Amino acid sequence: MSRSRPAIDARTPGALESIETSAVDVEPAPRRRRGSLWAWIVFLLGTAYFIVPLIATLGVSLLAKPAFAAYSTSFADARFLGSLTYSFVIGLITVALSIALVVPTAYWVRLRAPHLRPVVEFITLLPFVIPPVVLVFGLIKAYSRPPLPFTNSDLGSSALLVFAYVTLSLPYMYRSVDAGLRAIDIRTLTEAAQSLGSGWLTIIVRIILPNLRVALLSGAFLSLAIVIGEFAIASYLARPAFGPYLALLGGNRAYEPAAVTLVSFGLTWLAMIAISLLGRGRGARSRIQIAGAR
Amino acid sequence: MSWSWLGLGPFFLFGAMFLGLPLAFLAFGSVADNTTGAPTVDNYAALSTPLVVNAFRNSIEISLVTAIAGGILGFALAAAVILGGLPPILRNALMTFSGVASNFAGIPLALAFTYTLSTTGLVTILLKNLGLDIYGGDFTIFSKLGLELVYLYFQFPLMVLIIAPAIDGLKPEWREAAENMGATGRQYWRRVALPILTPTLLGSMILLFGNSFGAYATAYQLTAGGIPLVPLAIGNQISGDVLHNVGLGYAMAMGMVVVMAISITAYTWLQRRSERWLR
C-alpha cells in the first residue's frame, strides 16, 4: 500500500513537472490523431448540411434562360427594390429607437437602480416567451380600436411594426449594451462629466454612446438581419416588407425566388461577418449573434 | 423609497404598451365568455378539441425531435472543432457560419430546401441519377420529417453557438487528472466531462425546443398549412375566426406562451446551475 503512493513524492516541484511533461509528451499524440479523424468527418458532414441547400438554390437560380435572367428580372422588379428599401428603412428606425430606449435604461440600471435589474431583465426576456405570431395577435387586438387605432392607417401600421420590432430586438440589444457598459467605468466617467458641468443628455450622447460603439453596432446588425427577413408580424400588419414579398414570389415564380433567397442569405451573411469583425479581440462571449428562429 | 425608478419610466412604459398590453388582451380574452364577457374557463376546456390537441401534439413532437437531434449534432460539431485538433481557422468559420444559419430562417430557408429536396429539387434529381429515389417511399419535403430536416438547419447551428463556451470551459487539467488516475478517453467523458456538461446540454436543448416551437414563417412557407401546428393555427385565427371560437384562439395563444415560458425558465435555471463549474 505504502509503495503505491509515490504521489507524496510527486508533490515536490520537480517530480510534479516530470509527471506533467510525461503525460503531455507520450499520451496525446496518438489520441489526437484518432480524434482528428472523427472530428473531420463530423465537421465535413455539418458543413455539407450548411452548404448543400445553398448550392441547390444557386443551381436553380442559374437554370433561368438566358444566363442570370433570374437575377436581372428580380432586380428590375419595382416591388423587389421597394420592399427591400421599406424593410431596410424600418430596420434603421427600429435600431435608432431601440438604442434610444435601451442605452439610457441599461445605464440607469447600472448607475442608480441596480435593485430594479431583475425586473428590467425579465421584461427584456419577454420577447423570447411571446413568439412573434402571438405578439402580433395581441398587438392587433390592442391597437385596432380607439383610443389608439394604429392599424387603421398605413403610417400607424408601420409605426406598430417598428414598435413590434423594437420589442424583438430588446433581448440581445439589452444584453449587448449591458455587457458593453460593464467594460467601461461609467461611474467615474459620469462623475467626471458632471464635475465639468454636463447634463444627463450630454453624458449619454457624448460619453456613453461613443464608448458603446462596438456593442451598439453588433446589436444594430443583428436587428437589421432579423427585421429585413421577418415575415409573421409584417404579413399580419399587411406591410409591403421584404419577407411577405419573398413569400408571394415563392408561390408564383420558378427561378426568381431562388435568386432573391440568395440575396437574403447574402444580407444575413454580411451582418454576421460585420458582427464577428466587430467582436474580434474581445472574446467570443461579447459577440451576441443569436436571435432565434422564425 | 427612492425615486430612482423614474429614470426607467420610458422603458417601463414601452414594455407595458407593446408587451404587457398585447399579452393582457390575450389573457383577458382567454378567460372571458365569447358573448357575455363573463369570466369563464370554457376556452381552456375547449383546448381539448381534437383540432387543437393535434396542433399541439405536432408542434411538440417536431420541437422535441429537432431539439434532441439538433442538440446532439450541434454538440458533436462544436466538440469536433474545439477538441478534435482541427485548424483554428475552421473554428472561426464554423462560428460565423452558425451565426448566419441560426438566423437564416423563415421564408428563404423554406425555399432553399424546396430547391434542394422537393420532387424537382436538385439533390433529389442528383440522387435519382445515382440510383437512389428518395421519393420512392413516403418521404416528401412537405411532410413532418421534411419540416424537421429544414428546422435542423437553424437548430444545430444554434446549439453550436450556445454549447461552445461550455466546451471551452472544460479544463484540460480535469482530463489530465483523469488520465493520471488511469481513465480511458471514454471513461473521462462518461464520468467527468458529460456530468459537468449535462445541465448545459439539457438547458440548451430546452432552448432549441422553444426555438422551433415558436417558429412560424418556415412552416408557413414550406407546408402551406399541410401540417397543423400551433403557430400556424394562431396565424389562421388572426386572419379570420377559423376555429369559430374567438376565445379558443386566445386560449391557444396563451397555451403557447405558457410552453415558451416553461422552456425559457428551465433554460435560465439550468444555465445558472452549470455556471458553478464552467466559468
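This is a predicted model: local features need pLDDT of at least 70, side-chain atom pairs count only at pLDDT 80 or more; totals for chains, interfaces and linings use all residues.
Local features are taken at pLDDT of at least 70 and side-chain atom pairs only at pLDDT 80 or more, while totals for chains, interfaces and linings use all residues. Residues are numbered from 1 along each chain as its sequence is written, and chains are lettered from A, with ligands numbered from 1, in the order in which they are written.

Start with the elements. Chain A has 14 helices and zero strands. Chain B has 12 helices and zero strands. Read from the N terminus, the elements of chain B run α-α-α-α-α-α-α-α-α-α-α-α.

Next comes burial. Of the 294 residues of chain A, 46% count as buried. In chain B, buried residues make up 46% of 279. A residue is buried if 20 or more other C-beta atoms lie within 10 Å of its own, exposed if 12 or fewer, and partly exposed in between, with C-beta atoms placed from the backbone. The C-alpha atoms of chain B fill a box of roughly 75 × 70 × 35 Å, taken along the principal axes.

Now look at contacts within each chain. Two residues are in contact if their C-beta atoms, placed from the backbone, lie within 7 Å. Take the contacts in chain A between residues at least 6 apart in sequence: 75% join residues at least 24 apart. For chain B, with contacts between residues at least 6 apart in sequence, 76% join residues at least 24 apart.

The two chains also meet. Here 72 residues of chain B are in contact with 79 residues of chain A. On the chain B side, helix α1 (residues 9-30) gives the most, with 12 residues. That side of chain B has 49 nonpolar, 21 polar and two charged residues. In these classes, Ala, Val, Leu, Ile, Met, Phe, Trp, Tyr, Cys and Pro count as nonpolar, Asp, Glu, Lys and Arg as charged, and the others, Gly among them, as polar.

The largest nonpolar core has 169 residues. Such a core is a set of buried Ala, Val, Leu, Ile, Met, Phe, Trp, Tyr and Cys residues joined through C-beta atoms within 7 Å. The residues with the most contacts inside this one are A:V136, A:A164, A:V177, B:L77 and B:A253. Helix α7 (residues 144-168) of chain B supplies the largest share, 15 residues. The core also draws at least three residues from each of domain 1 (7-45) and domain 2 (69-286) of chain A. Those domain bounds come from an automatic or database domain assignment. Pick out A:V177. Not counting residues up to four places away in sequence, A:V177 touches A:V102, A:V103, A:A106, A:L212, A:A215, A:L216 and A:G219.

One helix pair in chain A deserves a look. The axes of α4 (residues 69-76) and α14 (residues 256-278) of chain A come within 8 Å and cross at roughly 75 degrees. That makes α4(A) roughly perpendicular to α14(A). Axes are lines fitted to C-alpha atoms, for helices over the stretch in contact, and angles run from 0 to 180 degrees between N-to-C directions. Angles under 35 degrees count as roughly parallel, over 145 as roughly antiparallel, 65 to 115 as roughly perpendicular and the rest as oblique. From α4(A), the contact uses A:A70, A:Y71, A:T73 and A:S74. From α14(A) come A:E256, A:A258, A:A259 and A:V260. By class, the contact has five nonpolar, two polar and one charged residues.

A cis peptide bond joins A:K65 and A:P66, with omega about -10 degrees. A:P66 sits in the loop between α3 (28-61) and α4 of chain A. The bond from A:P146 to A:P147 is also cis, with omega near 10 degrees. A:P147 lies in the loop between α7 and α8 of chain A. A:S144 is in the loop between α7 (132-143) and α8 (154-183) of chain A. A:S144 counts as partly exposed because it has 15 C-beta neighbours inside 10 Å. Leaving aside neighbours within four places in sequence, A:S144 contacts A:P149 and A:T151.

How values were computed:
Helices (H or I, at least four residues) and strands (E, at least two) are DSSP runs, numbered from the N terminus.
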